[in-house]
Amino acid sequence: MMADVLAVAEVRDGVVRSVSREVVSAARGIADSLRGAVDVAAAGGTGCGAAAAGLGRHGADRVLAVEVAAQVDVRATAVAELARAGSYGAVVFAATGPGRDLAPRVAARLASPLLTDVVALDVDGGQIVATRPVFAGKALARVRALGAPALLSIRPNVFGVADSPREARVEAVSPPAEAETGYRVGGFEASAGAALDVAEAAIVVSGGRGMKDPENWHILEDLRDALGDTAALGASRAVVDAGWRPHAEQVGQTGKTVTPKLYLAMAISGAIQHLAGMRTSGVIVAVNRDPDAPIFGVADYGIVGDVFAVAQALAAAVRELRNS
Amino acid sequence: MNITVCVKRVPDTATRIRIADDGRGIMQDGVKYVLSPYDEFAVEAALQLVEAAGEGQVTLLSYGPPATAETLRSGLALGAHRAVLLTGEPDMDGWATAQVLASELAGSDDALVLFGIKAVDDDQQQVGPMVAELLGRPCATAVAAMDVEGGVATCRRAVEGGQEVVEMDLPAVATVTKGRYEPRYASLRGIMMAKRKPLVEKPAPEVESGLVVEALTYPPERPDGRIVGEGVDAVAELVRLLREEAKVL
């Protein structure tokens, strides 16, 4: 019986990323059903094992630390070797940018299917049954993985973080032999003001064409700042195509799919391609001058009116709430 | 420089999706099918790279039902030179799809194999890197722009917080996202010429699927929303609702 679960952590600059706590929490849930243990695969730079030790709080029994280069094909080799060495019923990744880059390479090395963007999980007869959105969120597919381990990636902000504290043992694993892969990472160019990726933010402040001019974005930036460091900016396709905002912020078809607990659609009309990327958000607030804008059809709360004035008043009210 | 672009025929995102009576697939009548939007970026990238090189051919490769031939013709109308259709019914198992595509690509010495970063039906973002692994070639994902010179592809990847530059030795694989490549429209002449371009159809090899789709369901309906009010006067009530009712502040 393959009862253990391997949770693949993301360690960046010596820090475990917040989404990895959700990955370990989901892995703990599967392992409890299978009556197995949770191992964490921490493949990253020097000290990645110590950085991941805190994941014991969310149910990790052991951290397998492989100190390797950050580049994705090398990490894939390391994670695949860890997966092969254990007796795993499931391997869990995060459906983040790095996770989407890594997971298919590991799956191919293990000759295994991969279920991505999973939003719900069951264990049935020892097999993993995952639910994932298809057709841009217009349907949900319940899919059974026939083999083991089942490889899956979970969508951020859906499973939540659970406490299941224990002392995680950290074990160093020797890195795989270095090989010339024909893949070399050169430089990195940071884009301004994108500390938190919109696909991982708990709160998204999204702006549309009704913002009228890129100069007006300081209003939304201020609202984002008022909402705290789990908030990020999003954008509609129209404003990205107009060159007002970077593509990294685009929500919807040809952009990102987001599932924050709070989505604020500011001056966004709500084209079907935009709804495809945000309709599964927890709570949706729409502010628009046009009372007939389709965005109000999916919003939980709406305000009709001048978006600039409402955004500024909202930022002030949130600050007052936070300070009280 | 020759390039193969792997493409998929998918329901248009504006199409209404209705679940079939067996609860495992979708009803086909009234569904409009298109080339997956991200595949359009990949086709455009291939055409621009071949144009920049001054020589070479763009081949389209797809795994899908016979009707995929129409989708491939629309890609040929954009300027691709030839197309290959592996007829069959791909399911959600991207690993099975990757094996089918790799069986055809193993015999190709094209410098690049391009994919759209994802197909908008199953939305999995996995087949490209899996094919690369099967072919033993390097793979860059989420490529917003690329340039090829001296047997090396320099890619700008759209990653969290910015762009990462990656170099790959050719032959290589890349998945293309929105960025430099604005898909062109087919010209009337392109559409006429596409009818005479070679399109080879052959049955896809049998590959066993490792997944079973047990059920398709509609997502839970969102409860009816409400207009809290008009203008700044409604802000206090909105904040109260977000805090006390929705509990998100």
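Reader: Which strands does helix H4 of chain B lie across?
Author: Helix H4 (residues 127-135) lies across strands S6 (112-116), S7 (139-149) and S10 (172-176) of chain B. H4 runs at about 65° to S7(B). Keep in mind that this is a predicted model.

Reader: What is the strand order in the open sheet of ten strands?
Author: The order is S13(A)-S9(B)-S8(B)-S7(B)-S10(B)-S6(B)-S1(B)-S4(B)-S5(B)-S11(B). The pairing is mixed.

Reader: Which strands stand at the edges?
Author: Strand S13 (183-190) of chain A and strand S11 (199-203) of chain B. Each has a single partner strand, so one side of each has no neighbour in the sheet. From one strand to the next, the twist averages 30°.

Reader: Do S5(B) and S11(B) pair in the parallel or antiparallel sense?
Author: Parallel, over five bridges. S5 of chain B covers residues 82-87. B:Ala83 stands opposite B:Leu199 in S11(B).

Reader: What about strand S10 of chain A, which strand of chain B pairs with it?
Author: S12 (residues 211-217) of chain B. S10(A) spans residues 139-145, and the two strands pair in the antiparallel sense over six bridges. A:Leu140 has B:Thr217 in S12(B) as its bridge partner.

Reader: New topic, the contact between the chains. How many residues does each chain give?
Author: Chain A gives 72 residues and chain B gives 68. On the chain A side, 40 are nonpolar, 17 polar and 15 charged.

Reader: And the largest nonpolar core, how many residues has it?
Author: It has 198 residues. Those with the most contacts inside it are A:Ala7, A:Val23, A:Val92 and B:Ala174. Helix H1 (residues 37-53) of chain B supplies the largest share, nine residues. At least three residues come from each of domain 1 and domain 2 of chain A.

Reader: Which residues does A:Ala7 touch?
Author: Leaving out residues up to four places away in sequence, A:Ala7 touches A:Val23, A:Val24, A:Ala27, A:Val38, A:Val40, A:Ala60 and A:Val92.

Reader: You mentioned domains. Where are they in chain A?
Author: The domain assignment gives domain 1 as 4-172 and domain 2 as 203-323. Their C-alpha centres lie 31 Å apart.

Reader: How many residues of these two domains of chain A are in contact?
Author: Seven residues of domain 1 are in contact with seven of domain 2. The domain 1 side has four nonpolar, two polar and one charged residues.

Definitions and conventions:
Residues are numbered from 1 along each chain as its sequence is written. Chains are lettered from A and ligands numbered from 1 in the order in which they are written. This is a predicted model: local features need pLDDT of at least 70, side-chain atom pairs count only at pLDDT 80 or more; totals for chains, interfaces and linings use all residues. A nonpolar core is a set of buried Ala, Val, Leu, Ile, Met, Phe, Trp, Tyr and Cys residues joined through C-beta atoms within 7 Å. A residue is buried if 20 or more other C-beta atoms lie within 10 Å of its own, exposed if 12 or fewer, and partly exposed in between; C-beta atoms are placed from the backbone. Helices (H or I, at least four residues) and strands (E, at least two) are DSSP runs, numbered from the N terminus. Domain bounds come from an automatic or database domain assignment. Ala, Val, Leu, Ile, Met, Phe, Trp, Tyr, Cys and Pro count as nonpolar, Asp, Glu, Lys and Arg as charged, and the others, Gly among them, as polar. Two strands pair if DSSP finds at least two bridges between them. Axes are lines fitted to C-alpha atoms, for helices over the stretch in contact, and angles run from 0 to 180 degrees between N-to-C directions.
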